[in-house]
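Here is a short tour for a first look. Keep the sequence and the 3D view side by side while reading.

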Amino acid sequence: MRSYTWWVIGLYAFIALYSFHSKRFYRQNIDRLVYYDAMGYYGYLLLWWTDADQHFTRLKALPNSNFTIAVKASDEQPVVLNKYSTGFALLHTPFFWIGDLQVGWQRLARDGLAYPYRYWTALGALVYAILALVLLRAWLRQYCGETATAVALLGTGVGTNWWHY
(Lines give C-alpha, C1' and ligand atoms only; values in the text may rest on other atoms or scores of the structure.)
Protein backbone atom coordinates (compact mmCIF):
# COMPACT_ATOMS: atom_id res chain seq x y z
CA MET A 1 0.00 0.00 0.00
CA ARG A 2 1.34 3.39 -0.95
CA SER A 3 1.23 6.29 1.43
CA TYR A 4 -0.16 9.08 -0.72
CA THR A 5 -0.95 11.22 2.30
CA TRP A 6 2.71 11.61 3.24
CA TRP A 7 3.43 12.71 -0.31
CA VAL A 8 0.70 15.35 -0.05
CA ILE A 9 2.01 16.63 3.29
CA GLY A 10 5.57 16.61 1.94
CA LEU A 11 4.48 18.52 -1.16
CA TYR A 12 2.72 21.18 0.92
CA ALA A 13 5.69 21.43 3.28
CA PHE A 14 8.10 21.80 0.37
CA ILE A 15 6.02 24.48 -1.36
CA ALA A 16 5.45 26.42 1.87
CA LEU A 17 9.06 26.30 3.01
CA TYR A 18 10.44 27.04 -0.45
CA SER A 19 8.26 30.10 -0.88
CA PHE A 20 8.96 31.17 2.69
CA HIS A 21 12.70 30.99 2.20
CA SER A 22 12.79 33.38 -0.73
CA LYS A 23 14.79 35.62 1.60
CA ARG A 24 15.42 38.34 -0.94
CA PHE A 25 11.70 39.11 -1.10
CA TYR A 26 11.21 39.17 2.66
CA ARG A 27 14.42 41.04 3.42
CA GLN A 28 13.35 43.79 1.01
CA ASN A 29 9.78 43.78 2.35
CA ILE A 30 10.20 42.93 6.03
CA ASP A 31 6.73 44.24 6.87
CA ARG A 32 5.21 41.50 4.71
CA LEU A 33 6.70 38.73 6.84
CA VAL A 34 4.29 39.32 9.73
CA TYR A 35 1.22 41.36 8.84
CA TYR A 36 -2.57 41.63 9.12
CA ASP A 37 -3.90 39.01 11.57
CA ALA A 38 -0.42 37.77 12.44
CA MET A 39 0.49 41.31 13.51
CA GLY A 40 -2.27 41.16 16.09
CA TYR A 41 -0.81 38.01 17.61
CA TYR A 42 2.69 39.45 17.27
CA GLY A 43 1.59 42.46 19.32
CA TYR A 44 1.26 40.24 22.37
CA LEU A 45 4.80 38.93 21.93
CA LEU A 46 6.13 42.47 21.95
CA LEU A 47 3.94 43.32 24.92
CA TRP A 48 5.13 40.31 26.92
CA TRP A 49 8.79 40.05 25.98
CA THR A 50 10.21 43.38 24.82
CA ASP A 51 8.67 46.68 25.79
CA ALA A 52 5.42 46.20 27.75
CA ASP A 53 3.74 48.80 25.52
CA GLN A 54 0.11 48.24 26.46
CA HIS A 55 -1.14 50.74 23.88
CA PHE A 56 0.70 49.07 20.96
CA THR A 57 1.99 52.45 19.76
CA ARG A 58 5.02 51.07 17.91
CA LEU A 59 3.00 48.45 16.07
CA LYS A 60 0.18 50.80 15.11
CA ALA A 61 2.74 52.89 13.21
CA LEU A 62 3.62 49.93 10.96
CA PRO A 63 1.74 49.31 7.71
CA ASN A 64 -1.08 46.73 7.74
CA SER A 65 -1.40 46.69 11.50
CA ASN A 66 -5.06 47.45 12.07
CA PHE A 67 -5.57 45.11 15.00
CA THR A 68 -6.51 47.39 17.89
CA ILE A 69 -9.88 48.67 18.99
CA ALA A 70 -10.69 51.49 21.37
CA VAL A 71 -13.30 50.75 24.03
CA LYS A 72 -14.72 53.31 26.40
CA ALA A 73 -14.11 52.48 30.02
CA SER A 74 -16.39 53.41 32.91
CA ASP A 75 -14.75 56.82 33.25
CA GLU A 76 -15.31 57.51 29.50
CA GLN A 77 -11.59 57.29 28.73
CA PRO A 78 -10.90 55.13 25.68
CA VAL A 79 -8.89 52.00 26.35
CA VAL A 80 -6.88 50.48 23.49
CA LEU A 81 -7.26 46.70 23.21
CA ASN A 82 -5.90 44.07 20.88
CA LYS A 83 -8.87 42.41 19.17
CA TYR A 84 -7.08 39.07 18.76
CA SER A 85 -6.82 36.28 21.32
CA THR A 86 -3.57 35.27 22.97
CA GLY A 87 -3.55 31.61 21.89
CA PHE A 88 -1.41 31.99 18.78
CA ALA A 89 0.94 34.30 20.65
CA LEU A 90 1.51 31.59 23.26
CA LEU A 91 2.28 29.08 20.50
CA HIS A 92 4.68 31.52 18.81
CA THR A 93 6.59 32.31 22.00
CA PRO A 94 9.26 29.56 21.63
CA PHE A 95 10.01 30.74 18.09
CA PHE A 96 10.16 34.35 19.27
CA TRP A 97 12.75 33.25 21.84
CA ILE A 98 14.80 31.55 19.12
CA GLY A 99 14.70 34.86 17.24
CA ASP A 100 15.87 36.59 20.40
CA LEU A 101 18.83 34.20 20.64
CA GLN A 102 19.74 34.96 17.04
CA VAL A 103 19.40 38.71 17.62
CA GLY A 104 21.73 38.45 20.61
CA TRP A 105 24.21 36.39 18.63
CA GLN A 106 24.18 38.85 15.71
CA ARG A 107 24.17 41.85 18.07
CA LEU A 108 21.10 43.44 16.51
CA ALA A 109 18.63 45.72 18.29
CA ARG A 110 16.47 43.77 20.74
CA ASP A 111 13.34 45.69 19.86
CA GLY A 112 11.19 42.75 18.78
CA LEU A 113 10.90 44.10 15.24
CA ALA A 114 14.26 42.94 13.85
CA TYR A 115 14.24 40.45 10.99
CA PRO A 116 15.12 37.33 13.10
CA TYR A 117 12.12 37.87 15.40
CA ARG A 118 9.71 38.05 12.49
CA TYR A 119 11.42 35.28 10.55
CA TRP A 120 11.29 32.75 13.39
CA THR A 121 7.74 33.70 14.33
CA ALA A 122 6.57 33.21 10.74
CA LEU A 123 8.50 29.94 10.50
CA GLY A 124 6.74 28.82 13.67
CA ALA A 125 3.41 29.37 11.95
CA LEU A 126 4.54 27.09 9.12
CA VAL A 127 5.67 24.43 11.58
CA TYR A 128 2.24 24.46 13.23
CA ALA A 129 0.47 24.38 9.85
CA ILE A 130 2.43 21.29 8.79
CA LEU A 131 1.84 19.70 12.20
CA ALA A 132 -1.88 20.33 11.72
CA LEU A 133 -1.81 18.38 8.47
CA VAL A 134 -0.01 15.50 10.17
CA LEU A 135 -2.59 15.42 12.96
CA LEU A 136 -5.46 15.70 10.47
CA ARG A 137 -3.96 12.77 8.57
CA ALA A 138 -3.79 10.68 11.74
CA TRP A 139 -7.41 11.46 12.57
CA LEU A 140 -8.69 10.81 9.04
CA ARG A 141 -6.81 7.51 8.77
CA GLN A 142 -8.92 6.18 11.65
CA TYR A 143 -12.08 6.55 9.56
CA CYS A 144 -11.00 6.64 5.89
CA GLY A 145 -8.69 4.82 3.55
CA GLU A 146 -5.38 6.12 2.26
CA THR A 147 -6.73 7.54 -1.01
CA ALA A 148 -9.68 9.31 0.61
CA THR A 149 -7.37 10.79 3.24
CA ALA A 150 -4.98 12.04 0.55
CA VAL A 151 -7.86 13.69 -1.33
CA ALA A 152 -9.11 15.28 1.91
CA LEU A 153 -5.62 16.65 2.66
CA LEU A 154 -5.37 18.02 -0.89
CA GLY A 155 -8.75 19.66 -0.42
CA THR A 156 -7.68 21.11 2.90
CA GLY A 157 -4.63 22.75 1.40
CA VAL A 158 -6.30 23.97 -1.77
CA GLY A 159 -9.81 24.75 -0.57
CA THR A 160 -9.26 26.38 2.82
CA ASN A 161 -7.20 29.22 4.26
CA TRP A 162 -4.45 26.78 5.34
CA TRP A 163 -1.89 28.70 3.24
CA HIS A 164 -2.48 31.86 5.28
CA TYR A 165 -1.00 30.27 8.38
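Which residues make up the largest nonpolar core? This is a predicted model. In it, that core consists of Met39, Tyr42, Tyr44, Leu45, Leu46, Ala89, Phe96, Val103, Leu113, Ala114 and Tyr117, 11 residues in all. H3 gives the most, with five residues.

Ala89 is one of the core residues. Leaving aside its neighbours within four places in sequence, Ala89 is in contact with Tyr41, Tyr44, Leu45 and Trp48. Another core, of 10 residues, lies apart from the largest one. Ile9, Tyr12, Ala13 and Ile130 are among its members. In soluble globular proteins, nonpolar side chains tend to be buried together.

Leu11 belongs to helix H1 (residues 4–20).

Is Arg137 buried or exposed? Arg137 is buried, because its relative accessible area is 14% and the cut-off for buried is under 20%. Leu11 counts as partly exposed, because its value of 44% falls between 20% and 50%.

| Residue | Helix | Relative accessible area |
|---|---|---|
| Leu11 | H1 (residues 4–20) | 44% |
| Arg137 | H6 (residues 115–143) | 14% |

What does Arg137 touch, leaving aside its neighbours within four places in sequence? Its contacts are Ser3, Thr5, Trp6, Ile9, Glu146, Thr149 and Leu153. One of these, Ile9, is also a member of the 10-residue core.

Methods
Residues numbered from 1 in each chain as written. Predicted model: local features only at pLDDT ≥ 70, side-chain atom pairs only at ≥ 80, totals over all residues. Heavy atoms only, no water. Helix = DSSP H or I, 4+ residues; strand = E, 2+ residues; numbered from the N terminus. Buried < 20%, exposed > 50% of the residue type's maximum accessible area, 1.4 Å probe, protein only. Contact = heavy atoms within 4.5 Å. Core = buried A, V, L, I, M, F, W, Y, C linked by side-chain atoms within 4.5 Å.
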